[in-house]
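Please look through the sequence and the model shown here. A short report comes after them.

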Amino acid sequence: MRLKIALLGGDGIGPEVLAQAVKCLSAVHETFGHDFLFTSALMGAVAIEKTGKPLPENTLELCTKSDAVLFGAIGTPHFDNDPKAKVRPEQGLLNLRKTLGLFANIRPVKAFPAMLKQSPLKKEIVKGADLVIYRELTGGIYFGKKQLSQNGTFASDICEYSESEISRIAHMAFKAAKKRKGKLTLVDKANVLETSRLWRRVVTEISESYPEIEMDCMYVDNAAVQIMLNPKLFDVILTDNMFGDMLSDLGSVIIGSVGLLPSASIGDNNAMFEPIHGSYPQAKGKNIANPVASILSTAMLLQHFGLFEESNAVVAAVLKSFQKNIVTPDIMGSSKYGTDYVGDFIAENIVDQDQDFNMNDENIGLGKSTII
Ligand code: IPM
Ligand code: MG
């Protein structure tokens, strides 16, 4: 397969972790013979510095023409500490998601057996946790009208959803539930919000076309507690843009480090793959950032294009790094391995696949995913 991949390193540790993801895709190229044509472009604070815009036109054009986008991270303390800034790095990411129509953000949260001790939660709570969040990504309060009064003492953000925006991601989430454990939980705030009541009506109606799926609804405040107390209650979580952003960060508590969680943002014509973590500016240039979330994002990319064996080879190499304790200091404080070294180890193990390596996962069969 031949794929054109746009590389947007972005800010902070973004370029460092993205470089490891590219190493892994190059290892997939070497091992399985697919051609990946990489082109880099600017987005975020780094793009504002060089062009004045968080998403320059040529970056957008490159992404539109590419089969997939691999993205690193966005944001800098300079902008975080300046609420008055009119141009912000995050606008680049939001604009890209909207323009490419990436309405479904898929965030798998699957506890790795080797990482159970990393979670601050009790082992019996996290062991076997395996859920996936389907977060609506191009609507809701993120994209509604924003206002700040002239004198700066009043502000508003409007939350809006249409039936069609809800139904397209709902169908995707129900289909995912069919391939998984057959359960879908709609997370909302229907006791307060009109938009949530619309979500409930639309999703409940759609659920009638998926009689094999057990569907329930949960208020977001309760869902936040249940994800921590009993993550095994969940299979597919379907939710709006804002709630999905918050709940997916909670997923990192189950997994043990925010540096381990990948995501895929899918639209009708484009797809982008990115770690869920931020730009971790304190770690920039120190070679300590965890590259695993970025590397696992490539596993999601490969899976998106139907390259299951290749995707599983990436996941297997990551699991091997866990098993051998080839991990960054966020996982093991005493670790002497840096971002680069971990990336090299994983890439080498994609090339030299260990036939005897037991992934300890019932999904390893060809055509099945180990990541979602
Ligand atoms: C995420 C991030 C982004 C979001 C930010 C950087 C705009 O937190 O992808 O989860 O809120 O969607
Ligand atoms: Mg977030």
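The report below covers the domains and then the ligand site.

## Basis

This is a predicted model, in which local features need pLDDT of at least 70, side-chain atom pairs count only at pLDDT 80 or more, and totals for chains, interfaces and linings use all residues. Residues are numbered from 1 along each chain as its sequence is written, chains are lettered from A and ligands numbered from 1 in the order in which they are written, and side-chain values use heavy atoms, with hydrogens and water left out.

## Domains

The protein chain is assigned domain 1 (1-105 + 260-372) and domain 2 (120-255); these bounds come from an automatic or database domain assignment. Taken over C-alpha atoms, the centres of domain 1 and domain 2 are 24 Å apart. In domain 1, 14 residues are in contact with 18 residues of domain 2 (contact means heavy atoms within 4.5 Å).

## Ligand site

Around ligand 1 are I74, E90, R97, R107, R135, Y142 and D245 (each with a heavy atom within 4 Å of the ligand). Both domain 1 and domain 2 give residues to this shell, so ligand 1 lies between them. By class, the shell holds 2 nonpolar, no polar and 5 charged residues, where Asp, Glu, Lys and Arg count as charged and Ile and Tyr are among the nonpolar ones.

## Polar contacts and cover

Polar contacts are pairs of N or O atoms within 3.5 Å. Oxygen atoms of ligand 1 lie 2.9 Å from a side-chain N or O atom of R107, 2.5 Å from one of Y142 and 2.8 Å from a polar side-chain atom of D245. On its own, ligand 1 has 320 Å² of accessible area, of which the protein covers 79% (Shrake-Rupley method, 1.4 Å probe).

Note on methods
A polar contact is a pair of N or O atoms within 3.5 Å; within protein, one must be able to donate a hydrogen and the other to accept it, and residues adjacent in sequence count only if both atoms are side-chain atoms.
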